[in-house]
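Subject: Handover of a structure

Dear colleague,

Please find below the structure that I am passing on to you. My notes on it follow directly after.

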Amino acid sequence: MTVSNINKAFEKFGRFQLKHRFLFLVCLLVFTVASSLGLHKLHLDNGEDDWFDDWETTKLNQDHFEDIFGSCDSVIAFVQADDVFDPEILEMLKKLGTRLENEVPYASSVTSIVNLSIPVGTEDGFEVSNPF
């Protein structure tokens, strides 16, 4: 299906809607009211405890890990500078990231602008590179 055929189909549908606009508005109102009738019964549980059953292996392993190590939280360090892309600032960020990885116990990784990988499109596909 070409773009012109799609545009023609949307034009026909739009003209039909304009011709029967009051019917569309009434149908939309009825649909909205009917859809809203059950909202009082809607209950959302988005806590982490609801992702897994207590007996499930993943939940048991996570609980065991947290009993031993505490938690798997992240630590964020904000650096304020006039120009973040200044070579001196980038070198300082690289040294900070290296020190954090080497000296903080149980640190698994450091995510920084210095070790960021960016996919760049090429003629052959794409290449993942570090701009710094």
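Helix α2 is hardly covered, as the count of buried residues among its 16 residues is 0. Here buried stands for under 20% relative accessible area, exposed for over 50%, and partly exposed for what lies in between (1.4 Å probe, protein chains only). Helices are DSSP runs of H or I with at least four residues, numbered from the N terminus. The model is a predicted one, in which local features need pLDDT of at least 70 and side-chain atom pairs count only at pLDDT 80 or more, while totals for chains, interfaces and linings use all residues. Residues are numbered from 1 along each chain as its sequence is written, and side-chain values use heavy atoms, with hydrogens and water left out.

Helix α2 covers residues 21-36, and its end C-alpha atoms are 22 Å apart. This agrees with the 22 Å that its 16 residues should span at 1.5 Å a residue, the expected span being 1.5 Å times one less than the number of residues.

A search of the whole structure finds 2 aromatic pairs. Rings of Phe, Tyr and Trp (its six-membered ring) pair if their centres lie within 6.5 Å; planes under 30 degrees apart are stacked, over 60 edge-to-face, and the rest tilted. F13 and F24 form an edge-to-face pair, with 6.2 Å centre to centre and 80° between the planes. Because F13 lies in helix α1 (residues 3-19) and F24 in helix α2, this pair ties together parts that are 11 residues apart in sequence. The rings of F16 and F24 are also edge-to-face, their centres 6.0 Å apart and their planes at 80°. F24 counts as partly exposed at 30% relative accessibility; F13 is partly exposed at 43%, and F16 is partly exposed at 43%.

The largest pocket holds about 900 Å³ of space. A pocket is an open set of points on a 1 Å grid over the protein atoms alone where a 1.4 Å probe fits, with protein on both sides within 12 Å along at least five of seven lines; lining residues have an atom within 4 Å of a point. Of its 28 lining residues, the closest to the centre are V75, I76, L100, S109 and V110. Helix α4 gives the most to the lining, with 5 residues.

Yours sincerely

Technical notes: Helices (H or I, at least four residues) and strands (E, at least two) are DSSP runs, numbered from the N terminus. Grid points are joined across faces, edges and corners, and a volume is the space filled by probe spheres set on the points.
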